[in-house]
Amino acid sequence: MKEPLISTHQLTYRYGPREILQGLDLQIPQGCIYGFLGPNGAGKTTTIRLLLGLLTPTSGSIRLFGRELREQRIPILQRVGALIETPSLYRHLSGHDNLEVMRRMLGVEKKRIAEVLQIVRLQPDAHRPVKHYSLGMCQRLGIALALLSDPELLILDEPTNGLDPSGIREMRELLKDLNQEHGKTIFLSSHLLSEIEKTVSHVGILHQGQLAFQGSVQELQQATLSAAYVEVEVDNPLMAKEILLTNGYSVEKLGQNVIRVTVQDKEEAAVLNQCLVLGGVAVSGLAFSTQSLEDVFLSLTDAAPMKTQTSIPEPISFA
Amino acid sequence: MSTFHLYLRRGVSAEVLKLKHTWALWLSLLAPLSIVSMTFLVFFFKGHLFLKPGSNPWFTWAMNNISPTAQLLVPLFLALLTALVNGTEHQSGGWKQLYALPVPRWSVFLNKYLLLLGLVVLSYATFWLGLLVGGYLLGLVRPGLGFQDYHHVQGISLGTFRVLVGSLFIFTLQFCLSFQFRSIALSMGLGILFTMAFLIGSRWEHIGFYPYSWPYFSAAVFQAKNASVFVPQMWYSLLGSLVLLVLGVWTSSRKDIQ
């Protein structure tokens, strides 16, 4: 099997007495858009800083492009572009000059500035001072800076942070374009699944310094589909529960006349309804519900009870 | 070209561009010019009152410029300049970006240090030029003062060079402070505090070992006849700043960027 572009083994980071990351095993395949999710304070930025060599791990190893980061920092970073939290911009300079500063540091060709400005669609504003830029423009300039060396891997920390819905949509399109048209592998972090679920192909969910889930979006969706319920409103919940338990269903009483039954798929809801009606129970309401990806995410990162929705939810999207 | 030079050339060139539209470059030029200009005005309007007719006016002119500069203005200027330039990086959150670049970690510290050293040298060069031009201009517009009758390019050059060397340690220390601490007020405040400590303790017999007195001692030798080029305080300053620079590069290349 091909070695992942980024792999960490038992990555642990301690800051004073606090253990921020515990035994992290990340596997980021080449060519993917990997969404690194977790609530604020879960350790996402720390992980990113470790991947960029800004922090030294307490234990464990980090490999990028099949090489140890500790031993080959410079050759590895030559193939990586990064945006860490808020973009590091010199606000007194223009967007073009910010890129020129970075260009001089990296020693890349001058024409690359025009190319990256075109990719992030900032040419018209390139010569305005950055202090007059909107937040979305700053984020795009941050990505242009990360793209300047034409890296194979982009590491972006919360690239949609603080953006309005149209800014989020623009960023999503930009990331997809970079992945599909320019062949970049993208590792991006976010604390909101809804913001990135349409963009990413792989997901890692970080909770209290540990990976709660890692895999493709399809695998996460499978987890979503396997957790479905029917909420049934009946005139006699005790009798309904009796009938359903006899038929091998798992039943939970929710309200005065409402019971919740675990089912495998939507078709099973019809069978269940028939059972109840034949057993003499009047069914006045029946609602099929699944966990949304957001619910799965919350259930993985939150100890609070899982919420369900009363219909098959559409992923939250501004697209 | 060696890799070492390549990283420094690229880094310093990028640092120079960051000065665009900032006060740092103007400060380096205007601070020395303002001192010379003020002394110039004093000599222009009142020079005849304190210069004896027929005596060499260049010593008085040079000491009136160099003395307050070395005692008070140089430490404050260095504290302000280093705080301004490193402050730009702190404000923009630029350190994390710089340390995530494919460049050796030592180069981040050294690039910034060399840029600021360049600004300091530029400032001293402006001061030196201002002293000479100001003196000769006074000879032209106020011939009665007698500037045109003497030439002290060498003496003034040496005097300025001595203060530059004498202040290198303060520069490196202030650089390290403003590199380490985000707060401009902290590094400026410490600079003012250390300078005040020198002014208050200037009569102490061991004050010559206190770094913020070194520019003063380096300047004071200007009046001495047959003095050697280097006074002890210049050596302290030179060696001290070298040690501090090595320490700064070493610790900065090992530190975690939170």
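Across which strands of chain A does helix 6 lie? Helix 6 lies across strand 4 (33–37), strand 8 and strand 9 of chain A. Its direction is at about 155° to strand 9 of chain A. Axes are lines fitted to C-alpha atoms, for helices over the stretch in contact, and angles run from 0 to 180 degrees between N-to-C directions. Contact means heavy atoms within 4.5 Å. Helices (H or I, at least four residues) and strands (E, at least two) are DSSP runs, numbered from the N terminus.

The model is predicted: local features need pLDDT of at least 70, side-chain atom pairs count only at pLDDT 80 or more, and totals for chains, interfaces and linings use all residues. Residues are numbered from 1 along each chain as its sequence is written, chains are lettered from A and ligands numbered from 1 in the order in which they are written, and side-chain values use heavy atoms, with hydrogens and water left out.

Chain A is divided into domain 1 (6–216) and domain 2 (228–290). These bounds come from an automatic or database domain assignment. The centres of domain 1 and domain 2 of chain A, taken over C-alpha atoms, are 48 Å apart.

Six strands of chain A form an open sheet in the order 7-8-9-4-10-11, with mixed pairing. Two strands pair if DSSP finds at least two bridges between them. Strand 7 (80–83) and strand 11 (210–216) of chain A are the edges, each pairing on one side only. From one strand to the next, the twist averages 15°. Strand 8 and strand 9 (residues 185–190) of chain A run parallel and are joined by five bridges. Within strand 9 of chain A, A:I186 stands opposite A:L154. Helix 5 (residues 135–147) of chain A lies across strand 7 and strand 8, at about 160° to strand 7 of chain A.

A:E158 sits in the loop between strand 8 (153–157) and helix 6 (165–180) of chain A. Beyond four places in sequence, the contacts of A:E158 include A:N40, A:K44 and A:Q139.

A:P165 belongs to helix 6 of chain A. The C-alpha atoms of A:P165 and A:E195 are separated by 9.3 Å, at 30 residues apart along the chain.
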